[in-house]
Amino acid sequence: MRFLSLCLFSSFQLAILFCSMPLSAASTLSARLLEAASNTSSAEQIVNELQGRAQSELTVEDYLVMAEGYQTLGNREAALDAVQKAEVNANTPYMLALSLYSKAQIYGIFYQNAEMAIQQLIQAEQQLSSLNEPTARILLNDVLNSFASAYNLQGDLKTAQLYAQRSLALAKEINSDSRELNALILNGRIALQNNQYQLAFAYLQQGLTLATRLKDEEQLASIHFRFGMAHRKLDQHLDALEHFSAAAERYLQLDRMTNYSAVLVYMAESYLEEPRQIDKADTLLQQALSIAEKQQNMSRTATAYYSLGRVAMLRKEYSESEEYYQKALQHFRQINSRGMVIETSLALVQLMIEQQRYSEASAIKRELTDDIDSAATFLQLRYFTSAARLAAAAADWQTAYELQEKVTELNRQELAGQIQHNMLELKAGLNQVSDAEQQDSFAVELQQALATAESRQVMLQAVLVLMIFITFIFWQLYRHKPSSALATPAPETAPRQWSQFQEKAKAVAVQQPVTLLVILPRFRAALQRQFGRRIVAELLQGIEQELNSSAVKASYSGTEMLWLAVSAETAEEPKLCLQAAISSFQQKLTALGVEPAILAVELPLKELLGNTWHKDDLNALTEAIWFGWALAEAQPTTEPLWQLTFSALHPRPCEWQVEDLRSDMLNACRLGELVLYLNDQALEVAS
């Protein structure tokens with residue numbers, strides 16, 4: 001799996017921001033910012049002191065310090081408000097650019113909104129373009145670096161690479177070792193994501209030398225992480241695990257839990273290459289997911305879900321795998337990570353093919369058609385490989401052959417590009433590297449790695465061709481078999497697949513009003529830690545089986561929540577079903593000796609979705625549940641049972657298929673179009 005940065009700016013870049021102050025302010029503003037970022041105790045003290053002043057006394061520098069303090073305290077709304085005031089009061093182009101850069105950080109790290117971050121960076125670059133002072137050039141370098149990270153997050157690797165190269169050139173021009181190191185790592189990461197192994201190794205090797213000289217432990221951890229990813233891509237998993245372990249050890253010592261969780265994911269991915277290590281991989285991923293959820297980091301959570309989907313798929317737990325992939329896809333869409341949206345969608349296509357659900361696989365593949373040409377090469381390879389398999393499954397041999405030719409051509413182009421980079425780096429090495437033996441050894445290592453990759457790709461092509469041929473033979477045999485009459489299966493009340501539940505709920509809603517009821521434990525992670533990974537799924541399945549009501553038209557129990565599509569022809573039916581489900585869940589949790597902390601949600605479909613809606617709108621209701629849960633946690637009740645009810649002033653108060661659904665729901669709440677109740681008390685939404 002390809003790694004995408006979960007935030008736009010690292011803590012190393014945070015230090016860069018502080019060092020970018022004008023020389024006259026170096027001992028004041030930079031020191032204040034560093035203190036505000038050092039720990040929560042200092043941040044709280046600084047924020048309280050500044051809040052005690054009259055607003056007329058606060059300067060641009062004060063607002064920037066407040067913004068930094070709020071970021072340390074995790075209060076993103078207050079941080080954004082403070083930096084916006086700094087922007088309004090900025091009295092020089094440099095201070096305006098610095099305010100915009102800080103604002104981009106907040107959008108990137110705390111809101112994980114790459115698009116909004118890019119808009120701030122564009123304005124910051126415009127302010128800096130006419131400034132030639134050293135401090136302005138330093139800040140411009142940071143802006144270019146952040147541009148590269150933002151476009152990388154969006155999956156636009158070509159644009160990200162251009163900005164990363166500009167950042168590296170400027171870092172060398174201003175003679176800044178720390179910025180050069182950061183740019184080298186970023187260039188290596190982007191090259192690696194596009195399978196440019198030779199180029200990636202060259203950047204990372206230079207970065208390793210520089211980081212060792214600077215004794216920068218955090219950047220050394222980052223470089224070991226990238227080397228691990230490179231070796232993993234080349235199927236050198238023992239080498240990968242060695243680098244991942246070195247990175248994990250450093251991140252843990254530095255208390256960088258976000259980065260530590262990312263390393264755990266990739267260690268798990270390497271363990272998944274050995275079937276006997278699946279349980280070890282699962283343990284690491286659950287640990288990574290727990291860290292990500294605790295930090296409310298959507299990108300890290302999505303990455304963990306993606307890998308857990310792979311674990312479930314390897315175990316042939318297809319329903320659970322699909323659920324994990326759908327969760328990952330929802331999170332990646334919300335943070336607008338286009339590259340990972342494509343990658344996760346292709347994983348779903350592969351999952352559907354494994355289950356011979358060819359029509360669903362083809363539908364997902366068609367949704368990617370417009371974006372695949374601009375995607376990274378490895379994603380194009382996966383796309384056309386899956387397309388060839390689908391064509392073979394449909395007995396369209398001509399199309400399957402043409403698609404396989406496309407795969408072969410892409411492989412040829414990728415290998416040619418790697419060889420070209422290899423020759424350029426070797427030529428540069430003859431002129432630039434004094435230690436000839438070290439360069440020769442490095443070149444041999446890279447040639448061997450590329451040869452391994454080439455052999456693997458050729459083998460994969462051969463396997464695919466053989467698979468198409470075997471499928472053709474079986475199809476020929478099958479078409480001559482006499483068809484037998486098939487009994488019509490009885491309709492399922494509890495379909496195994498989420499997609500079946502969507503279709504059943506949609507079909508019922510055409511005939512009568514439907515309310516969706518959702519039941520889940522509020523402390524799922526704690527339950528799983530105490531009783532095992534499957535405990536929540538088993539509890540929910542038990543409730544599903546015990547419910548005996550004709551009002552329940554469809555149900556779906558996953559690993560996280562139980563969904564019930566209930567007839568709402570009378571107002572009492574949903575309430576009775578909900579109370580029965582809650583009572584059953586409370587008894588089960590009490591029997592386990594834990595607090596019956598439950599979240600129960602009512603979602604009236606006609607109010608929320610209108611008269612005409614698509615079954616995929618139901619996917620968005622999961623995000624509505626998280627949104628409502630977040631509001632409830634901000635205004636909690638002391639009761640263990642939380643009943644969350646959604647009500648709409650007019651049908652379809654939100655457009656459920658938009659990218660930034662949470663903002664749309666927030667606006668609907670502020671306008672009074674959407675109202676949420678917790679235990680019959682209306683939840684307030686900050687204006």
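Is arginine 357 buried or exposed, and what is its relative accessibility? I looked this residue up in the model, which is a predicted one. Arginine 357 counts as buried because its relative accessibility is 12%, and the cut-off for buried is under 20%.

**Entry on salt bridges.** I noted 29 salt bridges in the structure. Arginine 357 takes part in one with glutamate 360, at 2.7 Å from N to O. Glutamate 360 is partly exposed, with a relative accessible area of 26%. I then turned to aspartate 62, which meets arginine 53 in a salt bridge of 3.4 Å, N to O. Aspartate 62 is buried at 3% relative accessible area, whereas arginine 53 is partly exposed at 32%. I recorded that both residues belong to a network of salt bridges together with Arg32 and Glu49.

**Entry on helix α18.** I found this helix at residues 338–354. From first to last C-alpha it reaches 25 Å, close to the expected 24 Å. Of its 17 residues, 14 are buried. Just after α18, I saw that glutamine 356 has a positive phi of about 60°.

**Entry on the core.** I examined the largest nonpolar core, which has 72 residues. Tyr325 and Leu348 are among the members that touch the most others. Helix α14 supplies the largest share of this core, nine residues. Beyond its close sequence neighbours, tyrosine 325 is in contact with residues including Tyr306, Met313 and Leu348.

Technical notes: Residues are numbered from 1 along each chain as its sequence is written. This is a predicted model: local features need pLDDT of at least 70, side-chain atom pairs count only at pLDDT 80 or more; totals for chains, interfaces and linings use all residues. Side-chain values use heavy atoms; hydrogens and water are left out. A nonpolar core is a set of buried Ala, Val, Leu, Ile, Met, Phe, Trp, Tyr and Cys residues joined through side-chain atoms within 4.5 Å. Buried means under 20% relative accessible area, exposed over 50%, partly exposed in between (1.4 Å probe, protein chains only). Helices (H or I, at least four residues) and strands (E, at least two) are DSSP runs, numbered from the N terminus. Contact means heavy atoms within 4.5 Å. The expected span of a helix is 1.5 Å times one less than its number of residues. A salt bridge is a side-chain nitrogen of Lys or Arg within 4 Å of a carboxyl oxygen of Asp or Glu. Lists of a residue's contacts leave out its neighbours within four places in sequence.
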